[in-house]
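Here are my notes from a pass through this one. Have the view open while you read.

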Amino acid sequence: MKPSRMAPRPLKRLVPAPLLSLALLGLWLLLNRSLSAGHFVLGTVLALAIPLLTAGLRPLPVRIRKPGAVLRLALTVMADTTKSNLSVARLLLAPGRRRHPSGFVHIPLDVRDPNALAVLAMIVCITPGTAWAELSLDRSMLMLHVLELDDPAAVIADVKQRYEAPLMEIFE
């Protein structure tokens, strides 16, 4: 029998996403600020149950091609989020100093991997100053609402260079 057609091993069935389970357990213990046996047991149950219950929501198994690009992308997202937080705070504290009106930008996408598209959607939605995003049905266009829209071409170039290109390097 070929290895790809073999039945999944029992451990793989119990823990389909080991890194996710470890992250969930660590997050549970961190949020509860406790290493007690009760929190460890409950965290372990949740860390095993959540990936099993959400397995159907993951579009494809994730295969990261360049781990270094993940770190660069994470640092870029953190820097951009900090910069955006400061811009939004400026708008909230001094609304009369708004430089440009808000608007929608249509960003043509080259990335096609479902996991990369999910990460891109998450990145643009968690960044302050972007209130809304929508992916076209054919996954070729991202419509993004920008709080202060001066130059749509610059927003398109930024998203493609800062987020889409690294995601394609990571996932495709």
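The points below cover the ground rules, a helix pair and a strand trio.

1. This is a predicted model, where local features need pLDDT of at least 70, side-chain atom pairs count only at pLDDT 80 or more, and totals for chains, interfaces and linings use all residues. Residues are numbered from 1 along each chain as its sequence is written, and side-chain values use heavy atoms, with hydrogens and water left out.

2. Start with helices H5 (residues 114-126) and H6 (residues 152-171), whose axes come within 9 Å and cross at roughly 150°. That makes H5 roughly antiparallel to H6 (the label for angles over 145 degrees). Axes here are lines fitted to C-alpha atoms over the stretch in contact, with angles from 0 to 180 degrees between N-to-C directions. Helices are DSSP runs of H or I with at least four residues, and strands are E runs of at least two.

3. Who touches whom? From H5, Asn115, Ala116, Val119, Leu120 and Ile123 meet Val159, Tyr163, Leu167 and Phe171 of H6 (contact: heavy atoms within 4.5 Å). By class, that contact has eight nonpolar residues, one polar and no charged; Ala, Val, Leu, Ile, Met, Phe, Trp, Tyr, Cys and Pro count as nonpolar, Asp, Glu, Lys and Arg as charged, and the others, Gly among them, as polar.

4. Now strand S3 (residues 141-146): five of its six residues are buried, meaning under 20% relative accessible area with a 1.4 Å probe, protein chains only.

5. S3 pairs in the antiparallel sense with S1 (residues 103-108) over six bridges, and with S2 (residues 132-135) over four; pairing takes at least two DSSP bridges. Val146 of S3 is the bridge partner of Gly103, while His145 of S3 partners Trp132.

6. Last, look at the S2-S3 hairpin: five residues lie between the strands, and Arg139 takes a positive phi near 60°.

Methods. Parallel < 35°, antiparallel > 145°, perpendicular 65-115°, else oblique. Buried < 20%, exposed > 50% of the residue type's maximum accessible area, 1.4 Å probe, protein only.
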